Amino acid sequence: MGLNSHKTEGQDVPSAQVQRVNDEAQYELTAEDLEAERRLLRKLDLHIIPLVMALYLFSFLDRVNIGNARLYGLEEDLGLSPKQFQVCVSILFVTYLLFEVPSNLVLKLFTPSRWIAFIAVAWGVLATLTGLVNSYGSLIACRLLLGAVEAGLFPGLTVYLTFFYTKRELALRVGYLFVSAAVAGALGGLLAYGVGHMDGVQGLRGWRWIMIIEGLPSFVIGVVTFFTLPNDAETAYFLDDSERALTRARHAREYGNTKSSREFNVADMMAAFKDWKVWAFCIAQFDVDTMLYGFSTFLPTIIDALGEWTTAEVQLLTVPCYFFGALTYMVTAYLSDRTQRRGIFCVIFGTISVVGYAILLSDVSTGAHYFGCFLVAGGLYVVVGMPLAWLPTNSPRYGKRTTSTGMQLTMGNASGVMSAFIYPVADRPRYIRGHAVTLSLVGLGTIIYGFLWYWYRRENQQRDAGQIKEEYRGMEEEDLMELGDESPHFRYTY
């Protein structure tokens, strides 16, 4: 039936579509259906989530452990100046940015199990060999190569999860990845505390042991990935035929899920580059990721500057901050999936992080500054992680989704280049410049997310009222579904 319209109280209402059809509300699910979905979700979570969490945990650990290595003689052994250390931290993101989008585009071509396994094995080898470098130049080379191979992991895993989970379940599962980042931060501190006692073993300094011991597990997990990570539901060894059929049915209930939408094509890729909303997410991601990389890399240095601590005490004091951040995100991600709201949580927790940085900037006691670190951590993972579930759920076509996610993460990770330079040692102990820049950018990112929340909500209201662009009138429903999120029948998650 074509899409024509008639007037109702001054609005153009499409006769073929008066009610929303984009989500599962149009499907009547029995109690038996719901129980079958719960069993399927438990099985997916059991077989997929631990592996992807382990992958991202060790990836993040290997990327930011240079901050802990700094406390165990890295700069002294290699003769690095503070400026050279900052270059070593940030240079990783140069190749990281260059390879994120291309890596995402070949994910299906090489298959997730092969491509992600290759990424993990390669970065495991490079991270381990970083513990053997003996000059500034060799450290730079290792960091550049590490950025190139790690670039595809997080965007690839984010898109990979959409192969199995619906948009109503994605925030919590992406949340598991950010919990991995928080665990990596805490684990990095604990490992550094323990490994620090190996200083001098086999003639190697403590920082070298940190690199070696934290790098080896990545190689192992890469090998495991090759043999155990399913490419999609159809090839998942742990699903039977009925569960594969149920997975297909669950995705079919989402509006815009057509045969062509599940394949990559250039038109969908270009649609991502032309969509102003994607660029808004990219800019906001850059803003809030400044906090992620500055906080993760320099939290030990920040805590060290807050008082007279031993190196071991500094490492242990980082753990509660990461634990609090992880717990906050998991609770928030659960609520977000239950309510299908994203923007409100980004605004609330972005504001909390801004308050945390305001406390760090204030001339108050050491205890108050440590409390500010908790506020920053509490908001950090929500305002950084929630948009990475928000944008993909509003991109039903695979080509646009994988491109926009790669763009979003590329822009976000560009902040990693800057974050190393806004916390120079010369600014100890207050780090006014770093905290002020981060506060401003997180505030800007929070405002952008607030606007996107408002725009998506208003657009849904207009589509509910039957407003439709002139070029879409008279189109068949099958053609409208091919429009993806541009279809007047699609409803955005806000």
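Visitor: Val 89, buried or exposed?
Guide: Val 89 counts as buried, because its relative accessibility is 4%. Buried means under 20% relative accessible area, exposed means over 50%, and partly exposed is in between, using a 1.4 Å probe and protein chains only.

Visitor: Before we go on, what kind of model is this?
Guide: This is a predicted model, where local features need pLDDT of at least 70, side-chain atom pairs count only at pLDDT 80 or more, and totals for chains, interfaces and linings use all residues. Residues are numbered from 1 along each chain as its sequence is written, and side-chain values use heavy atoms, with hydrogens and water left out.

Visitor: Okay, where does Val 89 lie?
Guide: Val 89 lies in helix 5, which covers residues 82-105. Helices (H or I, at least four residues) and strands (E, at least two) are DSSP runs, numbered from the N terminus.

Visitor: And what separates Val 89 from Arg 253?
Guide: Along the chain they are 164 residues apart, and their C-alpha atoms are separated by 45 Å.

Visitor: Let's zoom out. How many helices and strands are there in the protein chain?
Guide: The protein chain has 20 helices and two strands. Its radius of gyration is 23 Å, close to the 23 Å from the globule rule for 494 residues, so the chain is as compact as a globular protein of that length. That radius is taken over C-alpha atoms, and the rule is 2.2 Å times the number of residues to the power 0.38.

Visitor: What does the C-alpha trace span?
Guide: About 75 × 50 × 40 Å along the principal axes of the protein chain.

Visitor: How many of the 494 residues count as buried?
Guide: 59% of them do.

Visitor: What about contacts in the protein chain?
Guide: Taking contacts with a separation of 6 or more, 81% are between residues 24 or more positions apart. Contact means heavy atoms within 4.5 Å.

Visitor: Switching to rings: how many aromatic pairs turn up in the whole structure?
Guide: A search finds 24 aromatic pairs. In the pair Tyr 56 and Phe 60, the ring centres are 6.0 Å apart and the planes are at 50 degrees, so this pair is tilted. For the cut-offs, rings of Phe, Tyr and Trp (its six-membered ring) pair if their centres lie within 6.5 Å; planes under 30 degrees apart count as stacked, over 60 as edge-to-face and the rest as tilted.

Visitor: Why are Tyr 56 and Phe 60 separated by about one helical turn?
Guide: Because they are four residues apart in helix 2, residues 49-64. Tyr 56 is buried, with a relative accessible area of 4%, and Phe 60 is buried too, at 1%.

Visitor: What about Trp 115 and Phe 118?
Guide: Their ring centres are 5.5 Å apart with planes at 25 degrees, so that pair is stacked. Both lie in helix 7, residues 112-129, three residues apart, or about one turn of the helix. Phe 118 counts as partly exposed, at 46% relative accessibility.

Visitor: Which residues do ring pairs link into a cluster?
Guide: Among them are Trp 276, Trp 390, Tyr 449, Trp 455, Phe 490 and Tyr 492.

Visitor: What is Arg 463 in contact with, beyond its neighbours within four places in sequence?
Guide: Phe 490 and Tyr 492 come up again, along with Asp 485, Glu 486, Ser 487, Pro 488 and Arg 491. Arg 463 is found in helix 19, residues 432-464, and counts as buried at 8% relative accessibility.

Visitor: How about Ile 221, what is that in contact with?
Guide: Leaving aside neighbours within four places in sequence, Ile 221 is in contact with Leu 51, Ala 54, Leu 55 and Ala 120. Ile 221 is found in helix 11, residues 206-228, and counts as buried at 14% relative accessibility.

Visitor: Now the backbone. What is the phi of Thr 111?
Guide: Positive, about 75 degrees, although Thr 111 is not a glycine. Most residues other than glycine have a negative phi. Thr 111 has its place in the loop between helix 6 (107-110) and helix 7.

Visitor: And Gln 202, what is the phi there?
Guide: Gln 202 has a positive phi of about 55 degrees and is not a glycine either. Its place is in the loop between helix 10 (170-195) and helix 11, and Gln 202 counts as exposed at 69% relative accessibility.
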